[in-house]
Protein chains: 2
Amino acid sequence: MAANSRLTIATHALAWLALARRRGQEVLTSEQVAASVNTNPVIIRRSLGDLRRAGLVEVRHGAGAGWSLAREPEGITLLEVYDAVDAQPPFGLHRTEPNLECPVGHGIRPALSGVYGRVEQAMRRELAETSIADVLRETLVN
Amino acid sequence: MAANSRLTIATHALAWLALARRRGQEVLTSEQVAASVNTNPVIIRRSLGDLRRAGLVEVRHGAGAGWSLAREPEGITLLEVYDAVDAQPPFGLHRTEPNLECPVGHGIRPALSGVYGRVEQAMRRELAETSIADVLRETLVN
DNA sequence: GGTGGGTGTAACAGAAACTGTTGCAACAAC
DNA sequence: GTTGTTGCAACAGTTTCTGTTACACCCACC
């Protein structure tokens with residue numbers, strides 16, 4: 001599968017909004033964000049639409065419209081962004097149901113669900129450690 | 001993308017090999033494994049081929065051929081299986097290069113690589129905590 | 001109250017990845 | 001040799017994501 005870049009696009013957009021705000025430009029259009037990410041404005045609207053539904057950004061319509069952060073960048077963690085864009089989980093179970101008459105086929109799905117759940121929890125703990133402000137700081141030193 | 005089920009298929013095959021061995025049947029054919037996973041034998045050969053290259057299973061050719069574990073199931077961790085099947089990493093960077101003239105576009109890829117690396121390390125630590133024997137034990141209580 | 005710049009969303013094309021399938025060469029026990 | 005099995009290439013089908021076009025809707029501003 002194509003590597004999932006949704007979290008990357010959304011984080012990029014948020015970091016750019018945070019930097020623009022620090023520079024005094026509160027509102028950016030999807031076209032301005034798209035110019036930094038180097039993609040189509042519709043991709044940005046889809047991504048920022050997810051973030052708006054999660055309460056991370058706000059949108060203004062009409063003339064002079066555009067997007068702005070709904071919260072301080074220090075308070076937005078990558079875990080919230082991850083949940084907002086609902087990227088696919090790292091591992092999937094069997095696509096077709098295994099043979100339930102085999103003892104392994106019968107019990108392996110709940111067993112793996114437990115392992116995969118712990119893995120995802122570890123991932124989430126790590127994502128919660130980093131904020132948009134952290135990403136922006138790291139970005140600007142490069 | 002379709003959820004990645006490679007780790008699931010490989011782990012299922014290993015658990016089944018471990019159980020069969022405990023029952024006195026050292027060697028299984030790809031068709032016997034496929035019957036438990038409920039898929040095509042070629043899928044199993046591809047998966048077990050990855051595990052063979054990683055030294056986790058052994059194969060015998062000719063008549064009476066088939067697959068067997070190369071190590072004790074207690075000593076095979078899901079991290080080794082994960083590395084053997086090289087599933088895709090959970091997050092991808094931008095598909096097209098961002099605008100390098102924008103300060104965010106310029107520095108965000110190394111910044112995100114750092115975060116994503118820490119997330120993957122957390123995932124790997126968790127995968128290393130579980131062995132095939134653990135999975136089999138959990139499987140048989142369900 | 002128009003007007004114009006921008007968002008919201010549907011529809012569709014293209015690319016990429018994975019699964020599943022068929023077919024056949026290679027191989028080794030018997 | 002015969003037979004059962006792996007190794008692998010080639011291809012179709014499905015799914016998912018990205019990218020693109022098109023158009024309705026919205027609202028600050030004149």
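Predicted model: local features only at pLDDT ≥ 70, side-chain atom pairs only at ≥ 80, totals over all residues.
Reader: How do you know that the copies meet through the same surface?

Author: Of the interface residues of chain A, 100% are also interface residues in chain B, so the copies meet through the same surface. Contact means heavy atoms within 4.5 Å, and 57 residues of chain A are in contact with 57 residues of chain B.

Reader: What area is buried between chain A and chain B?

Author: About 4,700 Å², of which carbon and sulfur atoms give 66%. Buried area is the accessible area (1.4 Å probe) that two parts lose on being put together, summed over both. In chain A, A:Thr8, A:Phe91 and A:Val104 lose the most area to chain B, together 11% of what that side buries.

Reader: Why is the pair A:Glu126 and B:Arg118 called a salt bridge?

Author: The term requires a side-chain nitrogen of Lys or Arg within 4 Å of a carboxyl oxygen of Asp or Glu. The closest N and O atoms of A:Glu126 and B:Arg118 are 4.0 Å apart, and the pair forms a salt bridge. The count between the two chains is 2 salt bridges.

Author: Residues are numbered from 1 along each chain as written, and chains are lettered from A in the order written. Local features need pLDDT of at least 70, side-chain atom pairs count only at pLDDT 80 or more, totals for chains, interfaces and linings use all residues, and side-chain values use heavy atoms, without hydrogens and water.
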